[in-house]
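Colleague: I have this one open on my screen now. Can you walk me through it?

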Amino acid sequence: MRTEPIRDQASAEAAEQARTRDEPEASRRSSQSALVRPARSSQALKTGLIFFPAFDWAISPTHPEREERLLYTRDQIFEEGLMDLPQIEEYKPRLAELKDVARVHFCVPDVESKTTEAHLIAAGSTLVLADALMSNQIRNGFALVRPPGHHSMRVVHGNRGFCNINNEAIMVEYIRKKYGMRKIAIVDTDVHHGDGTQDIFWHDPDVLFISFHQDGRTLYPGSGFVHEMGGPAALGSTLNVPLPPGTTDEGIHFVLENLVLPILDDFGPDLVCNSAGQDNHYTDPLANMRFTAQGYARLNERLNPDMAVLEGGYAIESALPYVNTGIIQAMARLDYSHVREPDYVPGRFTQTGEMVRSIESTVNYLLNIWETKDDLISRAKEELGQFYRNRKRVFYDTDMISENQEETVRMCPDCQGYLMVGTQASQGHGRLNTALGVSIPLFACRSCQDDAREEYEEHKQDAKYDFVYLQDRPRDVYRSYHTRTRNERAY
Ligand SMILES: [Zn+2]
Ligand SMILES: [Zn+2]
């Protein structure tokens, strides 16, 4: 039996406020999960697909992230006759609204200047499938879209790792706002660390983010180590699994069976999303892993995500058509055993004993973090007092932008706390805009909501910043104030 999802934002807010008023945190959480049943129990039979190859967008004509990435996949899927099967339903893309982007990102100076139509359609495609999923038209969905998104962080000054805006994060916040879902798991299976998604949900204990990827000492973006495990109030809700170069199907499946699936079971998310990057493939030109199309299909079958969103994958002819076809068949519960690369030889790739031991030790370390995370959080909160402050540097490799950030998070006993991030960026010798973003989480307590709105109003007078932003998720209003012109707008 599936409980009806909450139909609109007003009733979702009212329901949340009613719970917030009267109940202690523990029972509030359980009633929240009981209220919205996981889409995983859906009776719908179809797998929803969207293709958006973005013909008119590329970083440059010879760049590895270009339209052919999806064209060969599309040919292969037609050749297999998948689109004619009753289990598959193709949907048409739509544009995401600027508001959907502003719910997640502080785009400096504004969303319009940091996105093209192609970016808004890639993000909008995930929302089409999200609506189809939540209205029970489909059992699961796969958005085969580009440009990708998982290197885009909360603040956006430009393009990082081929990404401007984070498609999957935009989908997650849309689903939470529109349908009242709270606990979401994102499993990132791209060969690169999903540093953008990690950044966006770093302080959010209700979003479990697990990324497995080639060791950051050997690959862009050079992060995703085991000690990166979330902000002080959300320790353990970010888990990074760096894998040695050359890891095979066997290694990735070991991580899945021994770490990812048991932790997902324990976390009990309302929705499981997969950032599906296909660049762990043995032919990928940008990385050094040994994953096969069969390995990817089986990974998808076991993970059983409600939504998959394409990220990277740059072996346009030798990998993407086979990997994507295998994943679609696994999602549609079709036999994928015949999907094989033309040069595939079973047993071709093996791991050394050293690689096996290294992967086992990473898994054990992370299992221990997961089991002790509540203690880690209470200790961190005790040490910190009222606010947590952190400085960091971000580099935008595509646009050659360097950014300095300072973030402040309220260590609230009643919610995850509101967040403020000050940002200053430069490109070459040119100074870009400075900005301050104030972010109110969707499920913030009343006092954090009030204080954050006050911070926004006060900082509008702060000459240090060119722009001041407010992400007011409980009210679903996203403000931007230009301190020089005193012009305010709202998405
Ligand atoms: Zn990638
Ligand atoms: Zn609070």
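Modeller: Taken over C-alpha atoms, the centres of domain 1 and domain 2 are separated by 28 Å, with domain bounds that come from an automatic or database domain assignment. This is a predicted model, in which local features need pLDDT of at least 70 and side-chain atom pairs count only at pLDDT 80 or more, while totals for chains, interfaces and linings use all residues. Residues are numbered from 1 along each chain as its sequence is written, and chains are lettered from A and ligands numbered from 1 in the order in which they are written.

Colleague: Which residues does each domain span?

Modeller: Domain 1 covers 39-368 and domain 2 covers 386-490.

Colleague: And how many residues are in contact?

Modeller: On the domain 1 side 27 residues are in contact with 31 residues of domain 2, where contact means C-beta atoms, placed from the backbone, within 7 Å.

Colleague: Switching to strand 4, is it buried or exposed?

Modeller: Six of the six residues in strand 4 (residues 140-145) are buried, that is, each has 20 or more other C-beta atoms within 10 Å of its own, placed from the backbone; strands here are DSSP runs of E, at least two residues long, numbered from the N terminus. Asn140, Phe142 and Leu144 lie on one side, with Gly141, Ala143 and Val145 on the other.

Colleague: What does strand 4 pair with?

Modeller: Strand 1 (residues 47-52) runs parallel to strand 4 and is joined to it by six bridges, and pairing requires at least two DSSP bridges. Phe52 stands opposite Val145. Strand 10 (residues 307-310) also pairs with strand 4 in the parallel sense, over three bridges, and Ala308 is the bridge partner of Phe142.

Definitions and conventions: Buried ≥ 20, exposed ≤ 12 C-beta atoms within 10 Å, placed from the backbone. Helix = DSSP H or I, 4+ residues; strand = E, 2+ residues; numbered from the N terminus. Contact = placed C-beta atoms within 7 Å.
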